[in-house]
Amino acid sequence: MRFARPVGLLLSAAAVALWAYGMTRWQPLTEPLGPWSEHLPGNNAYWARDLRFMAIMAVPLGLVLAGRGQVRWSGPAVVLGGCWIAADVAIDRADPIGGDATVLLATAGYAVLGVVAAMLLWWERRTPPTPGTPPASDRRVLTGAACVAGVLTLVAAAMESPTDREPELNQGALATAALLVVLAVGAALAAAPARIRARVGLAAGLTVAGLLGVGLVRVAAPGERLLPEVALGAVLLTGVTLLAWDWPGGRPIWWHHALAALIALVGPVVFLVATAVPMMIMLPIGATLTELAGNSPIHAADSDLLVSLAGLLSGLGMAVLLARPSVEDRRQLR
């Protein structure tokens with residue numbers, strides 16, 4: 001897994017640039033024109049915020065990949081992601097805009113990422129891995145990260161707005177989803193017990209299929225994206241299991257992957273609905289963040305749903321089911 005560290009850090013750096021651009025170029029497009037009730041935004045009005053939050057989530061996912069699934073990297077990466085979300089809300093309230101703001105935010109983000117990565121590398125050199133720690137746990141973390149990135153890919157690819165006419169929405173959705181596809185495939189390949197030629201070829205094919213699937217989702221008209229989104233999820237998450245899971249005797253246990261394909265076909269949609277509905281009814285997290293950022297509330301007839309958070313929770317749910325790279329892990333489900 002020698003590729004994991006440079007690739008993970010590179011993808012985290014790409015996510016930082018995407019976040020800075022989203023804050024200064026896409027977020028201003030979603031700001032309302034006035035406080036009057038007839039101008040209050042509707043469903044998915046703050047699409048730039050969701051794309052930006054998913055870029056932030058990609059930063060710790062890249063660090064998990066760079067740390068090869070070790071807890072000493074994964075724990076601080078999750079903390080960094082939470083702190084970054086809080087900082088994002090404060091920065092959003094300041095309404096930065098323009099090229100200078102983009103450079104400033106990207107530079108600050110790179111500085112934070114560099115400091116965190118340097119501290120983790122120093123910690124790793126000072127405290128070698130604990131003897132007896134099973135590498136299987138690291139493989140489970142990497143496979144789980146791949147599942148989270150896979151589900152977030154579906155959310156990013158299907159992102160909509162009240163008008164669905166903004167060219168920047170397509171650009172942002174494609175860029176964010178493409179980054180998450182590469183993260184999902186990279187984490188799954190890093191979780192493999194051995195990087196044999198067949199797995200590397202499968203990773204390349206899955207990356208191409210994932211990127212094409214993202215494009216097909218975006219080409220579909222709004223309201224007609226469910227089927228291509230479900231198909232993309234099935235292909236991407238099933239591919240994650242083919243990459244990350246053990247191949248006893250040099251070949252996959254096909255009926256295990258057939259079951260994984262069934263779970264990948266229906267699981268993301270079920271989890272997304274199961275998380276989105278309670279968030280709309282009982283946990284108005286999106287509305288709270290909108291208020292903290294100083295933006296106008298969503299019209300009372302609509303809902304301020306934070307789809308990026310729903311995607312994260314759904315990805316964790318899929319990780320519980322599919323982050324079982326060893327045969328012994330899967331036997332525990334019986």
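The legends below describe close-up views of a predicted model of a single protein chain.

**Figure 1. Overall fold of the protein chain.** The predicted model contains 12 helices and zero strands. Its radius of gyration is 20 Å, close to the 20 Å that the globule rule gives for 334 residues, so the protein chain is as compact as a globular protein of that length. The C-alpha trace spans about 65 × 45 × 35 Å along its principal axes. Among contacts with a separation of 6 or more, 84% join residues 24 or more positions apart. Of the 334 residues, 51% count as buried. The protein chain exposes about 15100 Å², and carbon and sulfur atoms supply 70% of that area.

**Figure 2. The largest pocket and its lining.** The volume of the largest pocket is about 750 Å³. Two or more lining residues come from each of helix 2 (47-66), helix 5 (135-157), helix 8 (226-244), helix 9 (254-281) and helix 11 (307-322). Helix 9 gives the largest share of this lining, with eight residues. In total, 34 residues line the largest pocket, and those nearest its centre are Asn44, Ala158, Glu229, Leu305 and Val307. By class, the lining consists of 21 nonpolar, six polar and seven charged residues.

**Figure 3. The second largest pocket and its lining.** The space in the second largest pocket is about 490 Å³. Its lining comprises 23 residues, and Met57, Pro60, Val78, Val148 and Leu312 are the closest to the centre. At least two lining residues are supplied by each of helix 2, helix 3 (71-94), helix 5, helix 10 (285-292) and helix 11. The largest share, six residues, belongs to helix 2. The lining of the second largest pocket has 18 nonpolar and five polar residues, and no charged ones.

**Figure 4. The cavity.** The model has one cavity of 30 Å³ or more. The largest cavity holds about 30 Å³ of space. The residues that line the largest cavity are Gln27, Tyr46, Arg49, Asp92, Thr290, Ala293 and Asn295. By class, this lining has two nonpolar, three polar and two charged residues.

Figure 5. Ser12 lies in helix 1, which covers residues 4-30. Its relative accessible area is 0%, so Ser12 is buried. Apart from neighbours within four places in sequence, the contacts of Ser12 are with Ala58, Val59, Gly62, Leu63 and Leu113.

Figure 6. Arg139 is part of helix 5, one of the helices that give two or more residues to the lining of the largest pocket. Arg139 counts as buried because its relative accessibility is 15%, below the 20% cut-off for that class. Leaving out neighbours within four places in sequence, Arg139 is in contact with Ala191, Ala192, Pro193, Ala244, Trp245, Asp246 and Pro325.

**Figure 7. Backbone at Arg68, in the loop between helix 2 and helix 3.** Most residues other than glycine have a negative phi. Arg68, a residue other than glycine, has a positive phi, near 55 degrees. Arg68 sits in the loop between helix 2 and helix 3. Its relative accessible area is 22%, so Arg68 is partly exposed.

**Figure 8. Backbone at Asp95, in the loop between helix 3 and helix 4.** Asp95 is not a glycine, yet its phi is positive, at about 55 degrees. The loop that holds Asp95 runs between helix 3 and helix 4 (99-126). With a relative accessible area of 43%, Asp95 is partly exposed.

Terms used: Residues numbered from 1 in each chain as written. Predicted model: local features only at pLDDT ≥ 70, side-chain atom pairs only at ≥ 80, totals over all residues. Heavy atoms only, no water. 1 Å grid on protein atoms, 1.4 Å probe; cavity = no way out; pocket = protein on both sides within 12 Å on 5 of 7 lines; lining within 4 Å. Points joined across faces, edges and corners; volume = space filled by probe spheres on them. Nonpolar A, V, L, I, M, F, W, Y, C, P; charged D, E, K, R; others polar. Helix = DSSP H or I, 4+ residues; strand = E, 2+ residues; numbered from the N terminus. Buried < 20%, exposed > 50% of the residue type's maximum accessible area, 1.4 Å probe, protein only. Contact = heavy atoms within 4.5 Å. Rg over C-alpha atoms; globule rule 2.2 N^0.38 Å. Areas by Shrake-Rupley, 256 points an atom, 1.4 Å probe, with all protein chains shown as cover.
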